[in-house]
Structures are given as C-alpha cells and as structure tokens.
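Biologist: I would like to learn how to read a structure residue by residue. Please give the general idea each time, then the case at hand.

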Amino acid sequence: GNADNAYFFNEGAFIEIPYQSALNPTSISIALWVNAAEIRENNRFMGLHSWLGYKFQLQSANIPFFTANTTEGITNQDAQNPIEINQWYHLAVTFGGGEMVFYINGSDVQTWIVPDVPDAPMIAVTDHNLAIGVGSSKYAPDDSNYEVDWIIPAPWGGYFHGKLDDIRLYNR
C-alpha cells in the first residue's frame, strides 16, 4: 500500500530466504502482486528448487503457471488467462488435496483436478533456500553433473523481470 515500495527484479536479481520447513508445506497457497515488465519464457516469481520442489511464474504467453513436485510426481498447470505487461495484478495459486486453483484479482479463473497426483503431498526440499525473483536459490553453470547433484543448470532456469509486492505463502 506504500507508493514506490515494490521489489523490482531484472537480469537475475533475487531475494533469498533461508530454508525453514514452513517454506516447504505439503499443501500451499501463494499470493502476490505482480507487474511484469516484459513477456518472457520462464518469467519466474519464486521457487524452492524450481520444478524439483515448487515454482510460480508467468509462462511464455504471460499466463500464470505453477509447478509442484509431489510424492507421486511433478504436476504443472496454468491459469489459461494471460495478463498484460506494465499493469498490476493480484495473483494467487493454491495446491493440495488433488486440486490446483488459480486466482487473478480475487476471482477463481481456473481449477484443475490433478488426477496424476491425487491427494499427494508436496515433497520436502531441505537443501535449498526459497528464492524470490528466480526459480531456485542454486544454479549450476551447465548440465554436466545434473543427474548426480540435481542442481538446475542456469540455462534451464529463468528470472523475473518486473515488480513484485506483498508476497505471501501459506501452508493450506
């Protein structure tokens, strides 16, 4: 609610929040204000080890997109509603109990029943910090060791270009 106090991200800048179990619940709700400066592939708001944990982002057509890694596998879904650049939106996603629900400006815009991971809890990611502005707090320079250390190669990652404000994470 304070003018000119949003976080501005560009070229991979991010905020790192030290890991604690509260950042890695088995069910999750994420809400934030977003003002994207450009349409980009993998315009990631936040992530806890990206798709190996969870990530929230804008996909290539500027559509809100969420990935969750569960005990039954990885699930990806989108809101199917694009947002405009250089305009503020309140975005939220909830995941748990076999459902993923997207909200834009307070309206439920897309509900997905996730049959491939029914009632599966999100997995615990303990060796990464929460990253805001990118999808993961750790990146490897290339994919040469990915199958061993599971550190996401930088070329596979993505960063957010725009402003974020009032970022909230809930365990339900």
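Biologist: Where in the chain is Lys 55 placed?

Modeller: Helices and strands are read from DSSP runs, counted from the N terminus: a helix is H or I over at least four residues, a strand is E over at least two. Lys 55 sits in strand β5, which covers residues 54-58. This is a predicted model, in which local features need pLDDT of at least 70, side-chain atom pairs count only at pLDDT 80 or more, and totals for chains, interfaces and linings use all residues. Residues are numbered from 1 along each chain as its sequence is written, and side-chain values use heavy atoms, with hydrogens and water left out.

Biologist: Is Lys 55 buried or exposed, and how far away is the nearest side chain of opposite charge?

Modeller: Buried means under 20% relative accessible area, exposed means over 50%, and partly exposed is in between, with a 1.4 Å probe and protein chains only. For charge, Lys and Arg count as positive, Asp and Glu as negative, while His and the chain ends are not counted. A salt bridge needs a side-chain nitrogen of Lys or Arg within 4 Å of a carboxyl oxygen of Asp or Glu. Lys 55 is buried but has no salt bridge. The nearest side chain of opposite charge belongs to Glu 41, 8.3 Å away.

Biologist: Which side chains make a polar contact with Lys 55?

Modeller: A polar contact is a pair of N or O atoms within 3.5 Å; within protein, one must be able to donate a hydrogen and the other to accept it, and residues adjacent in sequence count only if both atoms are side-chain atoms. The side chain of Lys 55 has such a contact with the side chain of Gln 57, at 2.9 Å. Another, of 2.9 Å, links it to the side chain of Thr 67.

Biologist: What else is Lys 55 in contact with?

Modeller: Contact means heavy atoms within 4.5 Å. With neighbours within four places in sequence left aside, Lys 55 is in contact with residues including Arg 44, Met 46, Phe 65 and Phe 66.

Biologist: Which salt bridges does the whole structure have?

Modeller: The search finds two. One joins the side chains of Arg 40 and Glu 38, at 3.7 Å from N to O. Arg 40 is buried, because its relative accessible area is 17%, and Glu 38 is partly exposed at 30%. The side chains of Asp 166 and Arg 168 also meet in a salt bridge, at 2.9 Å from N to O. Asp 166 is partly exposed, with a relative accessible area of 35%, and Arg 168 is partly exposed too, at 40%.

Biologist: Which residues does Leu 52 contact?

Modeller: Leu 52 is in the loop between β4 and β5 and counts as buried, at 15% relative accessibility. Beyond its neighbours within four places in sequence, Leu 52 is in contact with Asn 69, Ile 123, Val 125, Tyr 146, Trp 150 and Ile 152.

Biologist: And where is Gln 77 found?

Modeller: Gln 77 is in strand β7 and is buried, with a relative accessible area of 18%. Not counting residues up to four places away in sequence, Gln 77 touches Pro 64, Phe 65, Phe 66, Met 100, Phe 102 and Trp 112.

Biologist: How many helices and strands are there in the chain?

Modeller: The chain has one helix and 12 strands, in the order β-β-β-β-β-β-β-β-β-β-β-α-β along the sequence. Of its 172 residues, 46% count as buried. Among contacts between residues at least 6 apart in sequence, 62% join residues at least 24 apart.
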